[in-house]
Amino acid sequence: MAHKPVYPGFVTDVTEAQMTIDELAQRTGMTVRNIRAHQSRGLLPPPEVRGRTGYYGEEHVARIELIRDMQSEGLNLAAIRRLLEGVGESSAEVLDFTRALRAPFEDEEPEILDATEVAARWGNGDPDPALMEQARKLGLMRPLGEGKIEVTSPRLMRAGGSLAELGVSAEVALGVLAKMRRSAEGVARAYVDLFLETVWEPFDRAGRPEEDWPKVRDALERLRPLASEALLAVFQNVMSEATERALERTVQSNARDGSRPKRSRRRRR
């Protein structure tokens, strides 16, 4: 009996492969044509050939399911192939890490609105295409077609509505959001660099051992709430200091204005 190869990422069954390509297609719900295409792309290991027939085993079923999972996470076939080639036996762990990496930073469900509803929340009568485009560039919303818009952060949209109630226009509010985004990008880079330097680079230098993938994923997941909590705490401190300085400048300015002697006005005759 031919030696059964071990394919990366899966434990090979001690029994021989028993499925023909037609049976594998029926088992996985994939067409024979797509199975052959996966093999030609290097995504699927070759079958075990006995006589003139190729036979497939459970490791092929598992690999097809893994590819589907990766596709559902937004990876294209070229990226999946590079990933499978680069990680060897850790492909399933890498998928879990990829999911954690691509997961939303905070659990906030997007909201689907139309342009009129967005404009109403901003305090505008009619939708302004320029404002909509500015909001799209800032990542606040995404057009879905047929007049529908996905608001990626309803929390920010509610904040914009509250500012509109205070008399702040949508143009000014989006300008403030743009400044906040630039500052947030710097904070995000700091935390990403921290993760890379303290977690990923040592792991990479060690050859990315399979048993350490869960630790790397856990470190990434723990970083999320830590970054949010730290950013909020720093912002609260900075906001308090900025408010105190602004109030102090205002009081001093008023005091100086009050100390100046008023000029007397002469009556014209």
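## Sheet pairing

Glu-111 sits opposite Val-151 of β5. Keep in mind that this is a predicted model, where local features need pLDDT of at least 70, side-chain atom pairs count only at pLDDT 80 or more, and totals for chains, interfaces and linings use all residues. Residues are numbered from 1 along each chain as its sequence is written, and side-chain values use heavy atoms, with hydrogens and water left out.

Four bridges tie β3 to β5 (residues 148-151), and the two run antiparallel. Another four bridges link β4 to β5, also antiparallel, with Met-141 having Val-151 as its bridge partner in β5. Strands here are DSSP runs of E, at least two residues, and helices are runs of H or I, at least four, numbered from the N terminus; two strands pair if DSSP finds at least two bridges between them.

## The sheet as a whole

Put together, three strands make an open sheet in the order β3-β5-β4, with antiparallel pairing. β3 (111-114) and β4 (141-145) are at the edges with a single partner strand each, so one side of each has no neighbour in the sheet. On average, neighbouring strands are turned by 35° against each other, direction ignored (axes are lines fitted to C-alpha atoms, for helices over the stretch in contact, and angles run from 0 to 180 degrees between N-to-C directions).

β4 and β5 form a hairpin with two residues between them, and Glu-146 in that turn has a positive phi of about 55°.

## Helix α3

α3 covers residues 58-72, which is 15 residues, and spans 21 Å from first C-alpha to last, close to the 21 Å expected at 1.5 Å a residue (the expected span being 1.5 Å times one less than the number of residues). Just after α3, Gly-74 takes a positive phi of about 100°.

Which residues of α3 are buried? They are Glu-59, His-60, Val-61, Arg-63, Ile-64, Leu-66, Ile-67 and Met-70, where buried means under 20% relative accessible area with a 1.4 Å probe, protein chains only.

## Second largest pocket

This one has a volume of about 260 Å³. Of its 14 lining residues, Leu-156, Ala-159, Gly-160, Leu-163 and Leu-177 are the closest to the centre. A pocket is an open set of points on a 1 Å grid over the protein atoms alone, where a 1.4 Å probe fits, with protein on both sides within 12 Å along at least five of seven lines; lining residues have an atom within 4 Å of a point.

α8 (154-165) and α9 (170-205) each supply at least two lining residues. By class, the lining has twelve nonpolar, one polar and one charged residues.

Conventions: Points joined across faces, edges and corners; volume = space filled by probe spheres on them. Nonpolar A, V, L, I, M, F, W, Y, C, P; charged D, E, K, R; others polar. Buried < 20%, exposed > 50% of the residue type's maximum accessible area, 1.4 Å probe, protein only.
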